[in-house]
Amino acid sequence: MSYPRLGVWFIGAKGGVATTATLGWAALKQGLVPPTALVSQLPQFASLDLIPWDYWTIGGHEIRQTTLVAEALRLAENRTFSKELVHACQEELEALEGNYRWGTLYQVGPTIQRLASQPCLQIRENAAEAFGRIREDLREFAQTHRLDHVVVVNVASTEPKPQLPTVPETWEQLHQQFQQPQCPWPASVIYAAAALELGYSYINFTPSLGSSLPSLDHLAQLRRTRHMGYDGKTGETLLKSVLAPMFAKRNLEVMSWVGHNIFGNMDGRVLDDPQNKQAKLTSKDRLIRHILGYAPQTLVSIEYIESLGDWKTAWDHIHFRGFLGVPMVMQFIWQGSDSLLAAPLVLDLVRFTERANRAGHVGRMEFLASFFKSPLGVEEHDFFEQFRMLHRWAQQVAQTAASQVPADSAPFAPQQHRS
Ligand SMILES: NC(=O)c1ccc[n+]([C@@H]2O[C@H](COP(=O)([O-])OP(=O)(O)OC[C@H]3O[C@@H](n4cnc5c(N)ncnc54)[C@H](O)[C@@H]3O)[C@@H](O)[C@H]2O)c1
């Protein structure tokens, strides 16, 4: 069986999520770990003919000077996974080192700037120059590795919430704004534009703006490509989207829902800046009122507690009213490694997106809603309904493929990549 040659390009390529996803890919490729926690390995998706691990090449943009192995060992120190696993994958990880390029710091704010290494800080560029440079990096990656398609995944630090200027509706308008000296759009928008402009797929796993502007959906339509976001749903918010439908369907009245999150990784350090935190809080808070159909009092807090490292604890307190108007309480505590919760979802998103490319999907990939806290273009926040959307899409794609392709022929006809 033949598959396309796939490039996976991480923005924030040596952060906790990207490093864990890259290590996980290397370990899965070598058969060193079971596929636990991968949605794409569920039997429901077996007929989708998803791309195997050995057709992947990984690269990305980063603003810190470091290596994948050093970052993986740092995570291993924090008990995220074993050092033995890192050593077993060391060769694979080192072979990727030539595929990383300096990211852009355009409008990322002072807290993210402080993370950057000197060579990255020395790059002086306006939005148009950053856009051109990023696009060239992606194009070079595709050409060097003779890739058929690239899936770009944003797993960079959360940017501060920008003061939204006039939101451009079309790609031409946004492109014009890139040429202005004081262009307000941050790096995540520039990365998304560069990827989509080349006809590549784009996924935004962060609460930063990414491809959420209408003008970038317009660009995706123009280039016949696809995108989705935003903000991966990995822990506390995942539980909210599972539990809130239960309260709704039993007609229990939620009066208040309080969630406290504490953790100490680099993401937590960036989110400790109130400007950066605001983007995350908005994304975490909105789904309860959508699911319940009314707005109980809610509070979400995120605090940086350095000693916890990558191990996040979320404590939620749900105050609700039952029969005869009697108040009751549900509380839960969720503890997990942030990177280990996120990484398998990133691998799943890449596989489903690559399959959507083969199926010719254009525009937003609403069927991926179950992976996101704020799924673009989707009002449904009930996790199980969202999962049904994914399953239905998979059935349609598999049926179409079965009706079109003779059983003994290859599922993929290689395309020319743009140059
Ligand atoms: N469970 C989870 O971990 C989870 C869930 C949902 C969303 N997210 C989001 O995913 C993102 C990554 O999380 P993480 O824990 O890996 O964070 P991290 O801080 O470990 O990694 C972020 C990486 O991005 C790099 N970076 C920052 N700005 C950049 C830029 N402009 N260009 C290129 N690289 C840049 C940083 O140097 C760092 O290596 C965050 O935005 C986070 O909010 C994570």
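Modeller: Happy to! By salt bridge I mean a side-chain nitrogen of Lys or Arg within 4 Å of a carboxyl oxygen of Asp or Glu. Side chains of opposite charge can pair when their charged atoms come close.

Before we go on, please note that this is a predicted model, where local features need pLDDT of at least 70 and side-chain atom pairs count only at pLDDT 80 or more, while totals for chains, interfaces and linings use all residues. Residues are numbered from 1 along each chain as its sequence is written, and side-chain values use heavy atoms, with hydrogens and water left out.

Now for the two domains. Domain 1 covers 6–232 + 340–404, and domain 2 covers 236–336; these bounds come from an automatic or database domain assignment. Their centres, taken over C-alpha atoms, are 26 Å apart. Domain 1 brings 25 residues to the contact and domain 2 brings 30 residues, where contact means heavy atoms within 4.5 Å.

How much area is buried between domain 1 and domain 2? The value is about 2,400 Å², and carbon and sulfur atoms give 59% of this area. Buried area is the accessible area (1.4 Å probe) that two parts lose on being put together, summed over both. On the side of domain 1, Lys 161, Lys 373 and His 381 supply 24% of the area buried against domain 2, more than any other three residues.

Across this interface the rule finds one salt bridge. It also finds eight residue pairs in polar contact, both residues being at pLDDT 80 or more. A polar contact is a pair of N or O atoms within 3.5 Å; within protein, one must be able to donate a hydrogen and the other to accept it, and residues adjacent in sequence count only if both atoms are side-chain atoms.

Which elements give two or more residues to the side of domain 1 that touches domain 2? They are helix 4 (110–113), helix 14 (338–358) and helix 15 (383–404). Helices here are DSSP runs (H or I, at least four residues), numbered from the N terminus. By class, this side of domain 1 has ten nonpolar, seven polar and eight charged residues. Ala, Val, Leu, Ile, Met, Phe, Trp, Tyr, Cys and Pro count as nonpolar, Asp, Glu, Lys and Arg as charged, and the others, Gly among them, as polar.
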